[in-house]
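Colleague: I have not seen this one before. Can you walk me through it?

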Amino acid sequence: MSLTEKLFKKLEEKEDRMIEIRRHLHENPELSFKEEKTARYIADFYKDKDVKVTEKIEGENGIVVEINGKNEGKTIGLRADFDALPITEETDVPFKSKNEGVMHACGHDGHTAYLLTLGEALIELKDEWDGTIKLIHQHAEEVPPGGAKSIVASGILDDLDEVYGIHLFPMFETGEVGLVEGNAMAGRSNFNLHIQGSGGHGAMPETTIDPIVAGSHFVTQVQTIVSRRMNPKHTTVVSVTAFEAPGGQNVIQDKVTLRGTVRYMEEENKEPIHDEMVKIINGLETAFGVTCDLEYIYDYPVLYNDPEKTQAVGEILKNSKGGHIKNVASHDPSSGSEDFSYYLQKTPGTFINVGAKPEGVEKAYINHHPKFDINEDSLLISAKVLGEVVLSRLGNE
């Protein structure tokens with residue numbers, strides 16, 4: 001029996017417990033940077049196991065578990081995130097969230113369950129493989145600046161030769177594994193624009209400086225950044241997602257706030273989008289007499305999958321004998337953002353999509369929906385996919 005076959009057998013034997021772990025985490029979600037109990041649960045899982053566990057990295061909730069094989073070799077990182085979202089769950093599963101207004105609506109409970117289980121199986125086989133594996137249990141993926149940034153900054157991953165991660169997506173069929181070479185997920189920036197005018201009576205607008213009119217012009221003008229200032233061959237998005245101007249029908253407000261997000265698939269567009277927005281805002285101040293205050297937050301960078309590593313992973317998975325993979329597909333880049341990009345900025349690797357469509361569902365609820373759910377068969381698939389990849393890339397298969 002090959003080492004990979006031994007690993008698969010162990011994972012199959014642990015599948016029921018892996019599902020129990022996922023359901024426990026799903027019932028007990030915690031928000032980004034507040035995952036104290038989840039972090040404790042993860043650390044306790046490795047208690048009395050022959051590994052080195054580093055907790056509270058940079059004073060936050062991230063955990064890195066180092067597993068050393070029988071001989072020296074490459075060092076590879078495997079990452080799973082464990083924070084939840086501020087969403088009130090609307091599913092009817094028996095393990096529904098017990099934390100009102102907080103939900104694992106992005107699959108991070110599943111990510112953690114399969115990595116814990118895979119980690120345990122790799123520990124049990126550590127005398128049969130060479131190299132070092134670092135399991136990165138990451139907090140706070142959902143909220144900037146993101147947990148990955150502090151883990152990378154700590155230096156604990158400086159010795160990585162490669163790094164890999166998986167994300168579960170119910171819009172893809174269970175058994176499908178998707179890969180993207182090169183720029184795979186968008187870089188992200190967020191903004192808050194405060195426009196100060198001079199309010200007054202709705203029947204006498206000539207006595208006011210109306211920030212609502214100025215804000216409305218901003219909403220339309222900012223669309224021209226993409227349509228008239230960006231290369232049409234590039235993927236860019238500028239969305240105004242909130243326009244806050246509460247008040248009465250006969251009152252022109254004194255101040256309004258607009259909020260939004262920016263996405264770009266090419267890192268070179270990160271600053272030009274900001275610069276174009278500033279030009280528009282300067283024009284608003286001149287044209288309408290308002291005063292503007294822009295808070296612009298540069299956030300997660302573009303996620304870049306190393307082409308060579310991605311192709312190598314594709315070959316490993318296409319030749320897999322486990323029977324768990326129905327299809328290895330080439331996926332389109334996503335305008336979503338992920339702080340896994342910080343690991344890939346420093347270390348080559350790839351971020352893998354794994355299908356998790358619930359059984360009997362034609363159109364699944366997507367990530368971040370209050371009715372989001374996954375097919376739990378995807379947990380074993382994910383553990384096998386990442387396990388086979390890491391053993392192969394370490395040179396043990």
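Modeller: Val152, Leu157, Leu160, Val163, Tyr343, Lys346 and Thr347 line the largest cavity. A cavity is a set of points on a 1 Å grid over the protein atoms alone where a 1.4 Å probe fits but cannot get out, and lining residues have an atom within 4 Å of a point. This is a predicted model, where local features need pLDDT of at least 70, side-chain atom pairs count only at pLDDT 80 or more, and totals for chains, interfaces and linings use all residues. Residues are numbered from 1 along each chain as its sequence is written, and side-chain values use heavy atoms, leaving out hydrogens and water.

Colleague: What volume does the largest cavity have?

Modeller: The volume of the largest cavity is about 30 Å³, counted as the space filled by probe spheres set on the points. Searching the whole structure gives 1 cavity of 30 Å³ or more.

Colleague: How do the residues of that cavity lining divide?

Modeller: Into 5 nonpolar, 1 polar and 1 charged. Ala, Val, Leu, Ile, Met, Phe, Trp, Tyr, Cys and Pro count as nonpolar, Asp, Glu, Lys and Arg as charged, and the others, Gly among them, as polar.

Colleague: Now helices. At what angle do the axes of α6 and α8 cross?

Modeller: Roughly 150°, and the axes of α6 (residues 211-221) and α8 (residues 270-288) come within 10 Å. Axes are lines fitted to C-alpha atoms over the stretch in contact, with angles from 0 to 180 degrees between N-to-C directions. That crossing makes α6 roughly antiparallel to α8, a term for angles over 145 degrees.

Colleague: Which residues make the contact?

Modeller: Val213, Ala214, His217, Phe218 and Gln221 of α6 meet Met277, Ile280, Ile281, Leu284 and Phe288 of α8, where contact means heavy atoms within 4.5 Å. By class, this contact of α6 with α8 has 8 nonpolar, 2 polar and no charged residues.

How values were computed. 1 Å grid on protein atoms, 1.4 Å probe; cavity = no way out; pocket = protein on both sides within 12 Å on 5 of 7 lines; lining within 4 Å. Helix = DSSP H or I, 4+ residues; strand = E, 2+ residues; numbered from the N terminus. Parallel < 35°, antiparallel > 145°, perpendicular 65-115°, else oblique.
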